[in-house]
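Please consider the following structure with attention to its charged side chains and to one residue of a helix.

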Amino acid sequence: DEIFLSLRARGRGILLATHDLYYAERTADHVVFLNQGALLAEGDPESLLVTGEKSLAEAFFRLLAASGP
């Protein structure tokens with residue numbers, strides 16, 4: 001975390017692919033949700049949450065369910 005946060009504080013851009021939504025929530029300025037290569041949503045972490053959701057994991061599963069089978 002410290003390395004990514006330090007680089008971000010210095011204005012550096014980092015592209016990171018991860019399945020760890022908790023890590024993304026703590027470190028990312030911009031998040032992209034994909035499902036089997038298809039874009040589900042993108043934006044800053046806060047903008048992806050709807051009322052009542054407390055985590056990116058909740059937002060991801062809501063979007064995944066809404067995307068159909």
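Which side chain meets that of D29 in a salt bridge? The partner is R8, with N and O 3.1 Å apart; a salt bridge here is a side-chain nitrogen of Lys or Arg within 4 Å of a carboxyl oxygen of Asp or Glu. This pair links distant parts of the chain, 21 residues apart: R8 belongs to helix α1 (residues 2–9), whereas D29 lies in the loop between α2 (21–27) and β1 (31–35). Helices (H or I, at least four residues) and strands (E, at least two) are DSSP runs, numbered from the N terminus.

The model is predicted: local features need pLDDT of at least 70 and side-chain atom pairs count only at pLDDT 80 or more, while totals for chains, interfaces and linings use all residues. Residues are numbered from 1 along each chain as its sequence is written, and side-chain values use heavy atoms, with hydrogens and water left out.

The count of salt bridges is 2. R62 pairs with E53, the closest N and O atoms being 2.6 Å apart. E53 is buried, at 13% relative accessible area, and R62 is partly exposed, at 30%. R8 is also partly exposed, at 31%. Buried means under 20% relative accessible area, exposed over 50%, and partly exposed in between (1.4 Å probe, protein chains only).

T27 counts as buried, at 12% relative accessibility. A polar atom of the T27 side chain lies 2.9 Å from the backbone oxygen of Y23.

Notes: Polar contact = N/O pair within 3.5 Å; in protein donor to acceptor, adjacent residues only side chain to side chain.
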